[in-house]
Amino acid sequence: MKELILLLADIVNTLHDYIWNLSNLMGFNFTDKDLHLWVLGIIGIFTFFIVHALFIRLAKYSITAISFIYTLTVILVLVFAIEIQQKITGRGQMEFDDAIIGLWGFLLFFIGFLFLKGMYMIIKKYLFKK
């Protein structure tokens, strides 16, 4: 897990320096905060457009799918925040496998939810025929 975080940090730092140097060559002379505002703003708005288009399509079929994607995103952030917190505080082991197991836990409980929801819909359909 530590190696993965260090690799990701190295990639982000390399991209940061590349964008910083490119913006300086173009004469923008951004401060670090300016750079963060523009880069994350652009990444964020493009991500929003993609997610919004996806969610519009999914909403035609199931709000459950949208709820699943949102919840999975929150769980991903939470799982990695917990692992990083363990490394910083020294309480527990920071391990990638822990993050994967945590995600599997959510997926298993979600499958259980889908099973119960399916059973409810089947029972409702046959008990309350019109």
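Let me start with the second largest pocket, where helix H1 gives the most to the lining, with five residues; helices here are DSSP runs of H or I with at least four residues, numbered from the N terminus. This is a predicted model, in which local features need pLDDT of at least 70 and side-chain atom pairs count only at pLDDT 80 or more, while totals for chains, interfaces and linings use all residues. Residues are numbered from 1 along each chain as its sequence is written, and side-chain values use heavy atoms, with hydrogens and water left out.

The lining of that second largest pocket consists of Leu4, Ile5, Leu8, Ala9, Val12, Phe80 and Ile84, and both H1 and H3 supply at least two residues to this lining. By a pocket I mean, on a 1 Å grid over the protein atoms alone, an open set of points where a 1.4 Å probe fits, with protein on both sides within 12 Å along at least five of seven lines, and lining residues have an atom within 4 Å of a point. The space in the second largest pocket is about 160 Å³, and its lining divides into seven nonpolar, no polar and no charged residues, where Ala, Val, Leu, Ile, Met, Phe, Trp, Tyr, Cys and Pro count as nonpolar, Asp, Glu, Lys and Arg as charged, and the others, Gly among them, as polar.

Turning to the largest pocket, its volume is about 250 Å³, and its lining includes Val12, His16, Ile19, Leu35, His36 and Val39. Here H1 and H2 each supply at least two lining residues, and the classes come to seven nonpolar, three polar and no charged.

How do the axes of H1 and H2 cross? The axes of H1, residues 2-25, and H2 come within 11 Å and cross at roughly 105 degrees, so H1 and H2 are roughly perpendicular to each other, a term that covers 65 to 115 degrees. Their contact, meaning heavy atoms within 4.5 Å, involves His16, Ile19, Trp20 and Ser23 of H1 with Asp32, Leu35, His36 and Val39 of H2, and it has four nonpolar, three polar and one charged residues.

Finally, the axes of H2, residues 32-59, and H3, residues 63-89, come within 7 Å and cross at roughly 145 degrees. Leu54, Phe55, Leu58 and Ala59 of H2 make this contact with Ile63, Ala65, Ile66 and Ile69 of H3, and by class there are eight nonpolar, no polar and no charged residues in it.

Definitions and conventions. Axes are lines fitted to C-alpha atoms, for helices over the stretch in contact, and angles run from 0 to 180 degrees between N-to-C directions. Angles under 35 degrees count as roughly parallel, over 145 as roughly antiparallel, 65 to 115 as roughly perpendicular and the rest as oblique. Grid points are joined across faces, edges and corners, and a volume is the space filled by probe spheres set on the points.
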